[in-house]
Amino acid sequence: MTITITAFENSPDGGKGLARDTRVRWALEELGQPYEVRLVSFRALKEPAHLALNPFGQIPTFEEGELALFETGSIILHLAQRHPGLLPQEEHARARAITWMFAAVNSVEPPILDLTIVKIVEGDKPWAAERLPLVVERIRARLNQLSARLGDADWLDGAFSAGDLMMVSVLLRTRPSGILNEYPSLAAYVARGEARPAYRRAYAAQAAVYGSKPTPG
Ligand code: GTB
């Protein structure tokens with residue numbers, strides 16, 4: 001059965017890999033699963049056909065036969081459970097890798113998203129300048145904790161897993177702000193993720209949609 005995901009017809013980042021279809025593409029590439037992409041306009045995102053796939057009117061979505069999913073965490077967990085390569089076989093190691101996936105989207109991503117919100121969506125509010133340093137401090141607090149746990153390891157818990165794929169994807173969102181460079185071990189961790197052939201294929205595929213450069217940076 002063909003796997004079809006959705007992505008922006010016009011991504012605001014022009015193909016720099018920041019939209020969330022990149023992490024799903026990356027997982028599919030790691031798992032060696034072919035896929036097709038349906039591009040969706042901003043208007044079509046909020047129309048009934050797309051809302052039936054994702055009630056929040058967002059990309060990416062995932063369809064395979066009768067199954068339709070949304071939420072990158074759920075899509076990647078489904079794929080990693082179905083195909084070998086992104087989750088360890090051993091029960092406890094597998095549960096820990098899944099824990100890192102949740103940590104990425106529940107504990108690390110929220111303050112990172114707040115930074116985009118305070119800078120772009122709320123940038124013209126009179127209190128935005130006051131809020132900005134608070135949000136940056138919350139990001140730093142999480143990155144301090146994460147870099148302490150990573151230490152000098154290559155990956156968060158043994159071999160590269162879906163937990164690392166999700167965490168690297170989330171950390172990449174901090175790059176435009178420069179905060180990641182304050183944490184050399186995390187910057188190196190993200191660079192290791194980006195250097196993986198599967199990531200590079202995923203990046204190139206999304207860049208090609210928007211006529212952007214095929215390599216990150
Ligand atoms: N929790 C959901 C998931 O993980 O799947 C969040 C999905 C989501 O935020 N999708 C965004 C979307 O469809 C695209 S990724 N937004 C349109 C809308 O809500 O109307 C967020 C994103 C968009 C653009 C950039 N960029 O250009 O830099 C980066 C990230």
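Ala 93 is buried, with a relative accessible area of 15%, and its place is in helix H5. In this predicted model, Ala 93 and Ala 159 are 66 residues apart in sequence, yet their C-alpha atoms are 9.9 Å apart in space.

**The nonpolar cores**

- The largest nonpolar core has 56 residues. Those that touch the most other members are Trp 26, Ile 76, Leu 86, Met 167, Leu 171 and Tyr 189.
- At least two residues of this core come from each of these elements: strand S1, helix H1 (21-30), H4, helix H5 (91-121), helix H6 (128-150), helix H7 (162-172), helix H8 (184-195) and helix H9 (197-209).
- As general background, nonpolar side chains tend to be buried together in soluble globular proteins.

- Ser 169 lies in helix H7. Is this residue buried or exposed? With a relative accessible area of 10%, Ser 169 is buried, because buried means under 20%.
- Not counting residues up to four places away in sequence, Ser 169 touches Arg 23 and Trp 26. Trp 26 is also one of the residues that touch the most other members of the largest core.

**The sheet**

- Four strands form an open sheet in the order S2-S1-S3-S4, and the pairing is mixed.
- Why is one side of S2 and of S4 left without a neighbour in the sheet? Strand S2 (36-40) and strand S4 (67-70) stand at the edges and have a single partner strand each, so one side of each has no neighbour there.
- From one strand to the next, the twist averages 20°.
- S1 and S2 run parallel and are joined by five bridges. Within this pair, Thr 6 stands opposite Arg 38 in S2.
- The chain passes from S1 through H1 to S2, a β-α-β crossover that is right-handed.
- Strand S3 (residues 61-64) and S4 run antiparallel, with four bridges between them. Glu 64 has Leu 67 in S4 as its bridge partner.
- Helix H4 (residues 72-82) lies across strand S1 (3-8), S3 and S4. Relative to S4, this helix runs at about 130°.
- In general, the side chains of a regular strand alternate between the two faces of the sheet.

**Salt bridges**

- How many salt bridges does the structure hold? There are 16.
- Arg 196 and Glu 30 form one of them, with their closest N and O atoms 2.7 Å apart. This pair links distant parts of the chain, 166 residues apart: Arg 196 is in the loop between H8 and H9, and Glu 30 is in helix H1.
- The two partners fall into separate accessibility classes: Arg 196 counts as partly exposed at 23% relative accessibility, while Glu 30 counts as buried at 19%.
- Glu 137 and Arg 140 also meet through their side chains in a salt bridge (2.7 Å, N to O). Both lie in helix H6, and because they are three residues apart, about one helical turn separates them.
- Arg 140 takes part in a salt bridge with Glu 182 as well (2.7 Å, N to O). Arg 140 is in helix H6 and Glu 182 in the loop between H7 and H8, so this pair ties together parts that are 42 residues apart in sequence.
- Glu 137 is partly exposed, with a relative accessible area of 45%. Arg 140 counts as partly exposed at 25%, and Glu 182 is partly exposed at 39%.
- Salt bridges with shared partners join Asp 114, Glu 122, Arg 131 and Arg 138 into one network.
- As a general point, side chains of opposite charge can pair when their charged atoms come close.

Note on methods. Residues numbered from 1 in each chain as written. Predicted model: local features only at pLDDT ≥ 70, side-chain atom pairs only at ≥ 80, totals over all residues. Heavy atoms only, no water. Pairing = 2+ DSSP bridges. Axes fitted to C-alpha atoms, helices over the stretch in contact; angles between N-to-C directions. Contact = heavy atoms within 4.5 Å. Core = buried A, V, L, I, M, F, W, Y, C linked by side-chain atoms within 4.5 Å. Buried < 20%, exposed > 50% of the residue type's maximum accessible area, 1.4 Å probe, protein only. Right-handed = clockwise from strand over helix to strand, strands pointing away. Salt bridge = Lys/Arg side-chain N within 4 Å of Asp/Glu carboxyl O.
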